[in-house]
Amino acid sequence: MKVLHLDTNHSLLIEQFAELGFENHQDYTSTKEEVEKKIHDYDGIIIRSRFTIDRQFLEKATNLKFIGRVGAGLENIDIEYAKYKEVFLASAPEGNRNAVGEHTLGMLLSLMNHMGRADRQVRKGKWKREQNRGVELDGKTVGIIGYGNMGKSFAKKLRGFDVEVICYDIIGGVGDENARQVGIMEFQQRSDVVSLHVPQTEQTMGMINSEFIGKFHKPFWLLNTARGKCVVTDDLVEALKSGKVLGAGLDVLEYEKKSFENMFAQKPKAFKYLRKAKNVLLTPHVAGWTVESKEKLAQTIVDKVKARFS
């Protein structure tokens, strides 16, 4: 099979595909339109998020048998049409779930203990101990929205803390020894921390909005290492100003480009607030972006394609 690699990834992808007898071609610079002109020659595509694999693209990929998405989500692929065309879709949430779990925990502890602010102050010669008095995680209830690979990984990381972990998911029966599944009313009543681990779908886009936030019985910390468009940033800013949200750890932003590779062109007013807020921690969509996950993501794709086609 001929495979077109559209994004740079760990070298093991090309090496192990070659061992399987696949013919590897690499094109990391051509435009989507240029790739469309030659995609009919290929049996497989390996992509991260350089551009969207839409219906038009898939119609021109007449010999396509599989798409390997080296990442967790498939929102940059027209899933329904790919299935109609009988194209095998392989994503790799197993490859970076541990990285996401660790990053989420790190953000939470940093927020609750003002580590980012304290670091900046000490670098400027300021020694403000009382202003940076932290809050302990011990005894809190951590609520996880979306209890798949990423949510389960975060829950596992919390096992060493004396916390209650609850989860909410549209799929029933996903709770385990690390998190008790509850209904949305109990979730909003009990949570001190809310961590988002859902895919980007029509159901999840904009789900964290003023109405949703307003139903929580207690002020809470919000963590988002999932997808930026799941949170309405304007509503989050209002909740931060009112104290309804105590602090936010955001690895993803509503304004990100679809490729996830570049900063958004415009900087909306709400983002300007987040940049200056002392109780907000921002990272550039790197929760699943570790040295180890780069290899594990690639290996996961190889294993899934190998199991299907060899």
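Which residues of β10 lie on one side, which lie on the other, and are they buried or exposed? I keep in mind that the model is a predicted one. I found Phe220, Leu222 and Asn224 on one side and Trp221 and Leu223 on the other, and each of these is buried, so that both faces of the strand are covered.

**Entry: the neighbours of β10**

Next I looked up what pairs with this strand. Strand β9, residues 193-196, pairs with β10 in the parallel sense over four bridges, and I noted leucine 223 of β10 as the bridge partner of serine 195. Strand β11, residues 245-250, is also parallel to β10, here over five bridges, and leucine 250 in β11 is the bridge partner of asparagine 224.

**Entry: helix α10 and its packing**

I stayed with α10 and asked what angle it makes with helix α11. Helix α11 covers residues 269-276, and the two helices pack at an angle of about 40°, their axes being 9 Å apart. Because of that angle, α10 is oblique to α11. I recorded the crossing of α10 and α11 as left-handed. On the side of α10 the contact is made by Thr233, Asp234, Val237, Leu240 and Lys241, and on the side of α11 by Ala270, Tyr273 and Leu274.

I then followed one of these residues, aspartate 234, which has its place in helix α10. Setting aside neighbours within four places in sequence, I found aspartate 234 in contact with Tyr255 and Ala270.

**Entry: an open sheet**

In what order do the strands of the open sheet of five strands come? I read the order as β2-β1-β3-β4-β5, with parallel pairing. The edge strands are β2, residues 23-26, and β5, residues 88-90, and each of them pairs on one side only. From one strand to the next the twist averages 15°.

I checked two of the pairings in detail. Strand β1, residues 2-5, runs parallel to β2 and is joined to it by four bridges, with asparagine 24 in β2 as the bridge partner of valine 3. Together with helix α1, residues 12-19, these two strands make a right-handed β-α-β unit. Strand β4, residues 66-69, runs parallel to β5 with three bridges between them, and glycine 68 stands opposite alanine 90 in β5.

I also looked for a helix lying across this sheet, and noted α12, residues 291-309, which lies across β3 (44-47), β4 and β5 and runs at about 155° to β5.

**Entry: a second helix pair**

Two packed helices are described by the angle between their axes and the distance between the axes. For helix α5, residues 93-112, and helix α7, residues 149-157, I wrote down an angle of about 50° and axes 8 Å apart. The angle is the reason why α5 is called oblique to α7. I recorded the crossing of α5 and α7 as right-handed. Among the residues making the contact I listed Pro93, Arg97, Val100 and Leu108 of α5, and Met150, Ser153 and Phe154 of α7.

**Entry: positive phi values in loops**

Glutamate 86 has a phi near 60°, which is positive although the residue is not a glycine. I located glutamate 86 in the loop between α4 (79-84) and β5. Its relative accessibility is 70%, and because exposed means over 50%, glutamate 86 counts as exposed.

Histidine 285 also has a positive phi, of about 55°, and is not a glycine. I found histidine 285 in the loop between β12 (280-282) and α12.

Key. Residues are numbered from 1 along each chain as its sequence is written. This is a predicted model: local features need pLDDT of at least 70, side-chain atom pairs count only at pLDDT 80 or more; totals for chains, interfaces and linings use all residues. Side-chain values use heavy atoms; hydrogens and water are left out. Buried means under 20% relative accessible area, exposed over 50%, partly exposed in between (1.4 Å probe, protein chains only). Two strands pair if DSSP finds at least two bridges between them. Axes are lines fitted to C-alpha atoms, for helices over the stretch in contact, and angles run from 0 to 180 degrees between N-to-C directions. Contact means heavy atoms within 4.5 Å. Angles under 35 degrees count as roughly parallel, over 145 as roughly antiparallel, 65 to 115 as roughly perpendicular and the rest as oblique. A crossing is left-handed if the near helix is turned anticlockwise from the far one by less than a right angle, and right-handed if clockwise. A crossover is right-handed if, with the strands pointing away from the viewer, the path from the first strand over the helix to the second runs clockwise.
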